[in-house]
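Welcome, and take your time with the picture below. Let us walk through it together, one stop after another.

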Amino acid sequence: MNGGTERLYLDHNASAPLRPQALARMVEVLGVTGNPSSVHGEGRKLRGVVEDAREALAAMCGVKARSVIFTSGATEANVLALSPRWQGNDGPVYLDRLLMSAVEHPSVRAGGRFAAREISHIATGENGVLRLEHLDELLAAGGPALVSVMAANNETGVIQPLAEIGARVKAAGGIFHVDGVQFGGRLPVDVAGWQADAVSLSAHKMGGPQGIGALVLRTSALAPAPLLIGGGQEQHRRAGTENAAAIAAFGAIARDGSTMLEEFASLARLQGLLEEGLRLISGSTVVFGADAPRLANTTCFAVPGVPSEMALMALDLNGIALSSGSACSSGKVGASHVLTAMGVSEDLGRCALRVSLGWTTEEADIARFLEVWARVAATLNPSATGKAA
C-alpha cells in the first residue's frame with residue numbers, strides 16, 4: 001500500500017484534472033436559471049454564455065464561431081463527422097467509403113454511420129505513422145471517401161503528418177476529418193493548414209469538465225448530416241438543450257490556449273527524464289513510437305516479461321495511477337490494436353504501459369514514479385531490471 005502518501009496521477013490522456021478556471025466558470029453558470037433557446041432575459045443571458053464560449057473555441061482553432069458545433073463529448077463529435085452524407089452550399093455531398101488509419105480510437109473504429117463493408121484501414125509503419133503511399137492507393141481505388149485520422153495517438157502519442165494527409169485527401173476530392181482530442185490544448189490546432197473539413201475536440205482532455213466536446217468545421221458551408229435531430233439548437237446541426245455550464249468551462253480553458261501550449265512545451269524535459277530513467281532501470285525497455293514525432297506528455301513503454309495487468313495493480317497499490325492504453329476499452333487489459341498495427345508482438349504488447357503527463361505534473365512526480373517502478377519491475381521480473389549489456 002502507499003502508506004497514506006498522496007496519490008500520483010499520470011493518466012492525463014484518459015482525463016486531465018479539472019483546471020481551477022474551468023471549475024469556477026462552471027459553478028458560476030450552474031447558478032444561472034434558464035434555457036439558452038428561450039427568448040426571455042434569463043434565456044438570452046445563457047445564450048450569451050454559450051456564444052461567448054463558442055467564440056473562444058473558434059479563436060483557438062482559427063475558424064469562425066459558426067463553425068463550432070458543441071456535442072456531449074468527442075465520441076459524439078466523431079460519430080457526427082463519420083457520415084456518408086454532408087451538406088454543402090451546392091447541395092448534399094455523398095461519400096461512398098470511410099478510410100481510417102489502423103491506429104484510430106475505438107469511437108472512430110466503430111465506423112460511425114458507415115456500413116462495415118464501406119470501411120478500409122490505412123496501414124502504418126512500425127513507428128505508428130500512417131503510410132502515405134497506402135493512403136494514395138486507397139484513395140485511387142474507389143469513389144469519394146471520408147478520411148478520418150487522429151492528430152496524435154492516445155496510446156503512443158505519435159503525431160500524424162496531417163498537412164500531407166489533408167493535401168492528398170483534397171486532391172482526391174474527399175472529405176478529411178481529424179480526431180484532435182489528444183492534440184487540442186497541447187499543440188496548435190491548425191484546421192486550415194491541415195485542410196481538415198472537421199476536427200473533433202474534448203474539454204476533459206485539456207482540463208475542462210467531462211461530458212462536453214465539439215466538432216469544429218473549417219467552414220460552416222460544409223457540415224455532416226445531423227446525428228441528433230428534433231430541435232434547432234447548434235444551428236440545426238445538433239438537437240438538444242446545450243449544456244451551458246460545461247460549455248462555459250470549455251470556453252474558459254480555450255481562452256487560456258497560449259498558457260496551455262506553454263505548459264505543454266515544458267513537459268518535453270520531464271518526458272526526457274522519464275524515458276532516460278526507464279532505460280536505466282531496465283535496458284530492455286521498449287518505448288513505442290520513439291523514432292516518430294510524439295506528444296511531449298506521452299510515453300508508451302514495455303519491459304519484456306513484466307505484464308501490464310500485474311504492473312498496473314502493483315502501481316495502483318503504491319498510489320500511482322496510469323494505464324495500459326485507451327481508457328475507452330471497457331477497462332480490459334489486453335493486446336492493443338494500436339501496437340498490433342505497429343507490428344508489436346502480442347507478448348510484448350501485453351506488457352505495455354502508458355504514462356501521460358499534464359498540467360499538474362512536476363519533476364518530483366517523475367522521480368517518485370521511477371522509484372516505485374524500479375521496485376515493481378524487479379518484483380515482477382527480477383531478470384528484466386538492470387542496464388543492457
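Predicted model: local features only at pLDDT ≥ 70, side-chain atom pairs only at ≥ 80, totals over all residues.

Residues are numbered from 1 along each chain as its sequence is written, and side-chain values use heavy atoms, with hydrogens and water left out.

Let us begin with Leu18, which sits in the loop between strand S1 (8-9) and helix H1 (20-30). Helices (H or I, at least four residues) and strands (E, at least two) are DSSP runs, numbered from the N terminus. Leu18 counts as partly exposed because its relative accessibility is 36%; buried means under 20% relative accessible area, exposed over 50%, and partly exposed in between (1.4 Å probe, protein chains only). Together with Leu23 and Val27, Leu18 makes a nonpolar surface patch of about 250 Å². Patches are made of residues with over 30% relative accessible area and no salt bridge, where like charges are joined within 9 Å and nonpolar side chains (Val, Leu, Ile, Met, Phe, Trp, Tyr) within 5 Å. The accessible areas come from the Shrake-Rupley method with a 1.4 Å probe, and for residues only the protein chains shown count as cover.

Now for the charged pairs. Side chains of opposite charge can pair when their charged atoms come close. A salt bridge is a side-chain nitrogen of Lys or Arg within 4 Å of a carboxyl oxygen of Asp or Glu, and by this rule the count comes to 18 salt bridges. One of them joins Glu28 and Arg25, at 3.1 Å from N to O. Both of these residues belong to helix H1, where Glu28 and Arg25 are three residues apart, about one turn of the helix.

Which parts does the pair Arg54 and Glu234 tie together? The two side chains meet in a salt bridge of 2.7 Å, N to O. Arg54 lies in helix H2 (residues 41-61) and Glu234 in helix H8 (residues 233-236), so the pair ties together parts that are 180 residues apart in sequence. Arg54 and Glu234 are both buried.

Another salt bridge links Arg269 with Glu363, whose closest N and O atoms are 3.0 Å apart. Arg269 is in helix H11 (residues 267-281) and Glu363 in helix H15, so this pair ties together parts that are 94 residues apart in sequence. Glu363 is partly exposed, with a relative accessible area of 43%. Elsewhere, salt bridges that share partners join Arg47, Glu51, Arg54, Glu234 and Glu242 into one network.

Stay with helix H15 for a moment. Phe369 lies in this helix, and Phe369 counts as buried because its relative accessibility is 1%. H11 and H15 pack with their axes 10 Å apart at an angle of about 15°. Axes are lines fitted to C-alpha atoms, for helices over the stretch in contact, and angles run from 0 to 180 degrees between N-to-C directions. H11 and H15 are therefore roughly parallel to each other; angles under 35 degrees count as roughly parallel, over 145 as roughly antiparallel, 65 to 115 as roughly perpendicular and the rest as oblique.

For H12 (residues 308-317) and H15 (residues 363-380), the axes come within 10 Å and cross at roughly 135°. H12 and H15 are therefore oblique to each other.
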